[in-house]
Amino acid sequence: MKKIALLYEESQPETLQFIPELAAIMKQHDYETEIVNLNQEGLECSDPALQNCQMLIVLGGDGSILHTAHLCSAQHTPILGVNFGRVGYLTELEPDELAHELPYYLNGDKSIWTDERTMLHATLQQGDEKQEFVALNDMMIARGTWPRGVYVKTWIDDQFLDTFYGDGIILSTATGSTAYNLSVGGPIMHPKIEASILNPIAPHLSSNRALVIPLQSTIRFQISTNDQDGVFSADGQWNCAVQDGTTVTIQKSDQITRFIRRKPPVHFYRVIHNPQQTSEEPHAGQPEA
């Protein structure tokens, strides 16, 4: 039988009531269902439940999607997101659409298309220790718990750009332009744009504005924290303390995140205009009212 993994967050118990209904629908369409708790300790992409799946259906918000992207981007399994969060920039369906819409995705309707999203890869060098991270939305290096600014020296393709003083700096993908970047006043980019956004966080000088740069560029940060620790974060979920002098080098990742879609690419504009009322968006091949 074909296999689909159904992923949920136990911290969102409202998702559990949909699992029996979804499993029944998938059985009707000759799919075996694996039910995976995203919160389970030690969950990795090598888990047998996540192997050889035609699709990953994620019940949750954008945070659940980011978690799944980190788990499964290397194996390129497409993700279908069902929005149990607040906005759902990355999700495809609302819960009340499932019963009617899910068969289209299961049967490979001609309106289905694959949405490929770029990811970032970072190498963090702290003394003799080296760590690597990937992110779908963004990467950030910033001050820690002390309410004092930090200095972040910044290079683009080995060309020194500036030393930013403030709370830190974000490098965002186009996908992540609607996340932390947007919260600190950065621009929104359509997810198909091949660029990233360099955006200082609460910069001391008002001239420090967001900068849109080619996606192929290599970005290097070096943080100066004096006697306090800073923090590095990938997608707001994978965090580590950083000390004075730590460097982070960020490039376009070889990994991508694939989403399975039926709503047309212009649905993005509906979401950013009115994110709470997206379920009435016509599907591909259907005219606007």
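A residue counts as buried under 20% relative accessible area and as exposed over 50%, with partly exposed in between. On that scale Asp62, at 21% relative accessibility, comes out as partly exposed in this predicted model. In the model, Asp62 belongs to helix H2, which covers residues 62–72. Leaving aside residues up to four places away in sequence, Asp62 touches Gly88, Tyr89, Leu90 and Thr91.

His190 is a loop residue, sitting between helix H4 (180–183) and strand E11 (195–201). With residues up to four places away in sequence again left out, the contacts of His190 are Ala174, Pro265, Phe268 and Tyr269. Two of these names, Phe268 and Tyr269, come back below as a ring pair.

Next, the aromatic rings. A pair of them is described by how far apart the centres are and by the angle of the planes. Searching the whole structure turns up 5 aromatic pairs. One of them is Phe18 with Phe84, where the centres are 5.2 Å apart and the planes stand at 70°, so this pair is edge-to-face. Phe18 comes from the loop between strand E1 (2–8) and helix H1 (19–28), while Phe84 comes from the loop between strand E4 (79–83) and helix H3 (98–106), so the pair ties together parts that are 66 residues apart in sequence. Both partners are tucked away by the accessibility criterion: Phe18 is buried, with a relative accessible area of 16%, and Phe84 is buried at 13%.

Phe268 and Tyr269 make another edge-to-face pair, because their ring planes are at 70° and their centres 5.7 Å apart.

Lys2 lies over the face of Tyr31, 4.3 Å from the ring centre. Arg220 has its charged end over the ring of Trp155, at 4.0 Å from the centre of that ring.

Methods
Residues are numbered from 1 along each chain as its sequence is written. This is a predicted model: local features need pLDDT of at least 70, side-chain atom pairs count only at pLDDT 80 or more; totals for chains, interfaces and linings use all residues. Side-chain values use heavy atoms; hydrogens and water are left out. Helices (H or I, at least four residues) and strands (E, at least two) are DSSP runs, numbered from the N terminus. Contact means heavy atoms within 4.5 Å. Buried means under 20% relative accessible area, exposed over 50%, partly exposed in between (1.4 Å probe, protein chains only). Rings of Phe, Tyr and Trp (its six-membered ring) pair if their centres lie within 6.5 Å; planes under 30 degrees apart count as stacked, over 60 as edge-to-face and the rest as tilted. A charge sits over a ring if NZ of Lys or CZ of Arg is within 6 Å of the ring centre and within 35 degrees of the ring normal.
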